[in-house]
Amino acid sequence: MWSLTSATLPLLLIFLLLVLMGASDPLQDTLLKCLSENSVLSPPISEITYFPSNPLFPSVLQSYIRNLRFNSTKTQKPLFIVTPIHVSHIQASIICCKKFDLELRIRSGGHDYDGLSYVSEVPFVIVDMFNLRSVEVNLEDESAWVESGATLGEVYYKIAEKSRVYGFPAGVCPTVGVGGHFSGGGYGNLMRKFGLSVDNVLDAIIVDANGRVLNRESMGENLFWAIRGGGGASFGIIVSWKIKLVPVSETVTVFRVEKTLEQGASEIVLQWQDVADKIHEDLFIRLVLMPVNKKGYKTIRAKFNALFLGNADQLFAIMNESFPKLGLERDQCIEMSWIDSILFWSNYPLGTKPDILLERIPKSEKFLKRKSDYVQQPISKEGFESIWKKMMELGKPGLTFNPYGGKMSEISETETPFPHRAGNMYKIQYSLSWKEEGEEVANRYLDLTRRLYDFMTPYVSNSPRSSYLNYRDVDIGTNGPGNAGYAEASVWGTKYFKGNFDRLVGIKTMVDPNNFFRYEQSIPSLAAWKGLMAE
Ligand SMILES: Cc1cc2nc3c(=O)[nH]c(=O)nc-3n(C[C@H](O)[C@H](O)[C@H](O)COP(=O)(O)OP(=O)(O)OC[C@H]3O[C@@H](n4cnc5c(N)ncnc54)[C@H](O)[C@@H]3O)c2cc1C
Ligand SMILES: *[C@@H]1O[C@H](CO)[C@@H](O)[C@H](O)[C@H]1NC(C)=O
Ligand SMILES: *[C@@H]1O[C@H](CO)[C@@H](O)[C@H](O)[C@H]1NC(C)=O
């Protein structure tokens, strides 16, 4: 918060008069002075810092708002935005925000489902990483250095540019940013074979609460553990990541098959549930369930999207053996390169050139709400019947099932902060995306999504009912005013991190005792909390 002492007040009044007389904004000048003093002279930080008075401010702010719910005139705007092109710009932002007691939000790709990378209720600043997006692939040691502002599409493109037989396990949507994605876990269709993005991170560069630039060795194994799934924004600004490339076959095979209830979807879903987490780890079959209106009746559409790291004959044999109910036909299996499978999974038409992965802005923008759950016990036939009924009654929210098993079950729960390993059959994403403007419609759709989530209670994990951090959901709890309470934070914290929450709190207390890096779902510092209690 701005601290206004009686000594500074008269000064402020004079400044205000100067502003009214057309002079430049004194607070802006004070902040810019601090930023300049703490960063390199060239390129000067003033050139990459945007105050609301700058005509470019709205477009810089809006460029990476990926959820239209937070693009309204009512959404709180930052005091200014820094768009670093040099690490000292990041250091200066941290030092000056600390000095002026401003909250700092860190944005890489802006895909946070609840907008926490660029919205706050208190005066705040955004450090926007989009200029720092280099991807340096090194085939010799099968690694790459990737800056946080890169998108997944850029990472995939740059790997494929060098080789057809390497890939990286990360998300399906190419515009997602590396900074949030990696620090929150990061999964995609290579997860059953290679685990999460964070299971394949070798090193990282972070700027901490004191403005120090640290790598894996100098940050130590505790902090390096925390930022691989614990959410980077509680610990510092992560500049870049060293990732381990993974081998992919020269030819992969994909399919996309849809079935409605009338076409036997119920039986097929039951068989999917039996096999999806146990089938060959080279095969990943995502299931997307949507209520749809046909002429005169309602039904459920089950869409099966697959990636197989092998050729069509091998895939067809596995499907015939383990998942015959889908009735997959040989000509539904399409062979292609791994990079083309990325385009296929993003719903681009066959034959689209990979260059499209370099486009950083999605084709269309929507209003979004997402929630998540984990299924650990098979849902019965009757269970699914009642879920179909509920989905058709609510009419809008869809469910996406992502199978686990394979490599995911081989990694221990404590290896990274991401705890959802062995014992989880699949993850559910609740999704509702809409295009209609207005608060009334938004509230109605948020309510529908929450009602489906409530309805699912008996079928999903409990104590804790767990959630995926990268499917940010403020409904499961926030830190509340003051942002420091352990008790409040452990409600949402144990859902995202289970037993790893306490280790994250310990590390936070060590590396950022004063809770500089804070937001609605940041890991609390026990030191800051005790300090607050003592006041
Ligand atoms: C269309 C869409 C598709 C998605 N698909 C997938 C998927 O297939 N798999 C999957 O796992 N997830 C998926 N997600 C979720 C996605 O992984 C998360 O939203 C992720 O956090 C986004 O990262 P970002 O950098 O784009 O987001 P941002 O909104 O920029 O950041 C998200 C969070 O990370 C913090 N953060 C960002 N950059 C840094 C940094 N450099 N240092 C420290 N903290 C930082 C932010 O402050 C914020 O708390 C999807 C999301 C969307 C909107
Ligand atoms: C966000 O809002 C601004 C104006 O408030 C508007 O011009 C812009 O088109 C909006 N963005 C999208 C993607 O709709
Ligand atoms: C499919 O499975 C059946 C029996 O399970 C077998 O007879 C048939 O040869 C298989 N087809 C292929 C193409 O593998």
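Author: Contact here means heavy atoms within 4.5 Å. Helices (H or I, at least four residues) and strands (E, at least two) are DSSP runs, numbered from the N terminus. Axes are lines fitted to C-alpha atoms, for helices over the stretch in contact, and angles run from 0 to 180 degrees between N-to-C directions. The model is predicted: local features need pLDDT of at least 70, side-chain atom pairs count only at pLDDT 80 or more, and totals for chains, interfaces and linings use all residues. Residues are numbered from 1 along each chain as written, chains are lettered from A and ligands numbered from 1 in written order, and side-chain values use heavy atoms, without hydrogens or water.

Start with the open sheet. Its 5 strands run in the order β5-β6-β10-β8-β9, with antiparallel pairing. Two strands pair if DSSP finds at least two bridges between them. The edges belong to β5 (135-138) and β9 (213-214). Each has a single partner strand, so one side of each lacks a neighbour in the sheet. β5 meets β6 (residues 143-147) through 4 antiparallel bridges. Within that pairing, Val135 has Val146 of β6 as its bridge partner.

Helices cover parts of this sheet. α5 lies across β5, β6 and β10 (237-244), at about 35 degrees to β5. α8 (residues 216-226) lies across β8 (201-207) and β9. Its angle to β8 is about 105 degrees.

Phe130 is buried, with a relative accessible area of 15%. Buried means under 20%, exposed over 50%, and partly exposed in between (1.4 Å probe, protein chains only). Leaving out residues up to four places away in sequence, Phe130 touches Val60, Tyr64, Thr83, Gly149 and Arg360. Ala442 is 312 residues from Phe130 in sequence, and 29 Å away C-alpha to C-alpha.

Just past α11, Asn347 has a positive phi of about 65 degrees.

From β13, move to β17 (residues 398-403). These two strands pair antiparallel over 3 bridges. Leu287 is bridged to Phe401 of β17. β17 also pairs antiparallel with β18 (residues 426-434), over 6 bridges. There, Leu399 stands opposite Tyr430 of β18. In β17, 6 of the 6 residues are buried, so this strand too is largely enclosed. Side chains of a regular strand alternate between the two sheet faces. In β17 both faces are covered: Gly398, Thr400 and Asn402 are buried on one side, and Leu399, Phe401 and Pro403 on the other.

The axes of α15 (residues 486-497) and α16 (residues 500-511) come within 8 Å and cross at roughly 125 degrees. The two are therefore oblique (under 35 degrees is roughly parallel, over 145 roughly antiparallel, 65 to 115 roughly perpendicular, the rest oblique). α15 gives Tyr486, Ala489, Ser490, Gly493, Thr494 and Phe497 to the contact, and α16 gives Asn500, Phe501, Asp502, Leu504 and Val505.
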